[in-house]
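Morning, everyone. I have one structure to go through today, so please bring it up on your screens.

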Amino acid sequence: MSKKAFVALVTCFNEDETINYEATRAQVRRQVAAGNNIMCAGTNGDFSALTFEEKVTLAEAVVDEVGGRVDVIVNAGMPATFETIKLAKEFDRIGVTAIAVITPFFIACTQDGLVRHFSTVADAVKTPIYLYDIPARTQNHIEPETARKLASHGNIAGIKDSGGAKETLEAYLAVSRDMPGFDVYSGPDHLVLWALQNGAAGCISGLGNALPDVLAGILRGYNSGDLTEAERQQAVFAAFRTDLYALGFAPAMVKRALYLQDATVGASRQPALLPDPEQDAKIAEILRRYGVVARG
């Protein structure tokens, strides 16, 4: 079975910070044209700065724009199980391909608490659930043995690993090998090809917002058996990641790199990055080194 690339799509904003749905639809079309699937309302989509109603409307717009051409995953995760279920039921109604559930943030959870949280959400909907582990942002980590317990749930289809450690990814992949039907999607962009070669079902990439064709090229090369091409594209992706992320908070850098290509994506609602002409010049130079023309 072919492996899949998802892009953790940015959410586009107008100058008044309302969502620019048409610009977001344009980004969907751009990714679909490149050959990538879509994840929305994730970390790169400013999910923590979106209201409940905005997430629902955003999911409706993305699913409508995709029109069944690619898969759509939407993140429903919130600190409270109650609100996570409310969102998940809305996404269930909309007809997304799968629902990602990020680990609860702000609240310190035990592993048993995580099992209860994810199982309760998975029980509440028909759409397959993917666990979403990103401990650097939530301060809660899904231990591999916890993932193994959850993998036996009939409506938990896999996990998105955004921890960044190869050792954790290896442990999740071991669970996947033992538990048929439990897929692992890699989040770290420097590990895309390694993850594919070691059994991952695919990747979910933030960096693909800025270089969609390079991301798609890794998957095309791997799926066609052209590992030389896959390795070449992965090397470009990893080097771009190193250069860009050296400048600051990764999602903010991705959004700014995309903004310098297309201002209609708008700024971020997050306070992580303020416009800085000197930094913009550095980002623009990095883009030029990788063959991307920045505005101005």
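What percentage of the 296 residues of the protein chain count as buried? The figure is 55%. Keep in mind that this is a predicted model.

Let me start with the chain as a whole. The protein chain has 12 helices and 8 strands. If you draw a box around the C-alpha atoms along the principal axes, the box comes out at roughly 50 × 45 × 35 Å. The accessible surface of the chain is about 12,300 Å², and carbon and sulfur atoms hold 52% of that.

Now contacts. Take those in the protein chain with a separation of 6 or more: 74% of them join residues 24 or more positions apart.

Next, the strands. In general, strands of a sheet pair through backbone hydrogen bonds, and the pairing is either parallel or antiparallel. Which is it here, parallel or antiparallel? The 8 strands close into a barrel with parallel pairing, and the order runs β1-β2-β3-β4-β5-β6-β7-β8. On average, neighbouring strands of this sheet are turned by 25° against each other, ignoring direction.

Tyrosine 130 has glycine 158 in β6 as its bridge partner.

Last, a helix. Helix α3, residues 81-94, packs on the sheet and touches β3 (72-75) and β4 (98-102). The direction of α3 makes about 165° with that of β4.

Technical notes
Residues are numbered from 1 along each chain as its sequence is written. This is a predicted model: local features need pLDDT of at least 70, side-chain atom pairs count only at pLDDT 80 or more; totals for chains, interfaces and linings use all residues. Side-chain values use heavy atoms; hydrogens and water are left out. Two strands pair if DSSP finds at least two bridges between them. Helices (H or I, at least four residues) and strands (E, at least two) are DSSP runs, numbered from the N terminus. Axes are lines fitted to C-alpha atoms, for helices over the stretch in contact, and angles run from 0 to 180 degrees between N-to-C directions. Contact means heavy atoms within 4.5 Å. Buried means under 20% relative accessible area, exposed over 50%, partly exposed in between (1.4 Å probe, protein chains only). Accessible areas come from the Shrake-Rupley method with a 1.4 Å probe; for residues, only the protein chains shown count as cover.
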